[in-house]
Amino acid sequence: MRDDLGLIQGTAELEALASRVTDNSGVYFIPAFSGLFAPYWRNDTRGAIVGMTSYTKKGHIAHAVLEATAWQTPEVLDAMREDAQVNLTSLKVDGGIVYNNLLMQFQRDVLGVPVIRPQVAETTALGAAYAAGLATGFSSSLEELSE
């Protein structure tokens, strides 16, 4: 949507576009640019946008992209649930996409469990910073970091 197609300038614009319409209007986005990965493992599958008509707007495509993002999660979680025999009671999310309220609400609706956002969205980067601080002596202990 952003880098190669140029339909949006930044990821924040995706939510703004999707919010201009009430639904995907029958447009579906299949995010398989390098194949379908977990749980399907099909590297021969390709991405697609289907269901467009002469009434399709950029907002419908944006809505379809957000929905496709959310629908990938239950597929992986179902496979995990089957393997681990554990039911999901909440989903903790991170990364810049957590600022997309429309996606987070849709994800909650799809899963039927609370979606929990961290105070710091980039928790992977935060963890790397914590580890670097411990390794270099900038931080003295895990207790200091938790404070």
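This is a predicted model: local features need pLDDT of at least 70, side-chain atom pairs count only at pLDDT 80 or more; totals for chains, interfaces and linings use all residues.
A salt bridge here is a side-chain nitrogen of Lys or Arg within 4 Å of a carboxyl oxygen of Asp or Glu.

1. Residues are numbered from 1 along each chain as its sequence is written, and side-chain values use heavy atoms, with hydrogens and water left out.

2. Salt bridges. A search of the whole structure finds three. Asp-44 pairs with Arg-42, their closest N and O atoms being 2.7 Å apart. Asp-44 has 47% relative accessibility and so counts as partly exposed (buried means under 20% relative accessible area, exposed over 50%, partly exposed in between, with a 1.4 Å probe and protein chains only). Asp-3 meets Arg-2 at 2.7 Å, N to O; Asp-3 is exposed at 60%, whereas Arg-2 is partly exposed at 38%.

3. Helix α2. Helices are DSSP runs of H or I with at least four residues, and strands are E runs of at least two, numbered from the N terminus. The 27 residues of α2 (residues 58-84) should span 39 Å at 1.5 Å a residue, and the end C-alpha atoms are 40 Å apart, which agrees; the expected span is 1.5 Å times one less than the number of residues.

4. After the helix. Just after α2, Gln-85 takes a positive phi of about 55°, although Gln-85 is not a glycine. This residue lies in the loop between α2 and β3 (91-92).

5. The core. Which residues touch the most other members of the largest nonpolar core? Of its 24 residues, they are Met-1, Leu-14, Ala-62, Val-65, Val-93 and Met-104. Helix α2 gives the most to this core, with eight residues. Such a core is a set of buried Ala, Val, Leu, Ile, Met, Phe, Trp, Tyr and Cys residues joined through side-chain atoms within 4.5 Å.

6. A charge to look at. Glu-15, in helix α1 (residues 11-18), is buried yet has no salt bridge, and the nearest side chain of opposite charge, Arg-117, is 7.2 Å away. Lys and Arg count as positive and Asp and Glu as negative, with His and the chain ends not counted.
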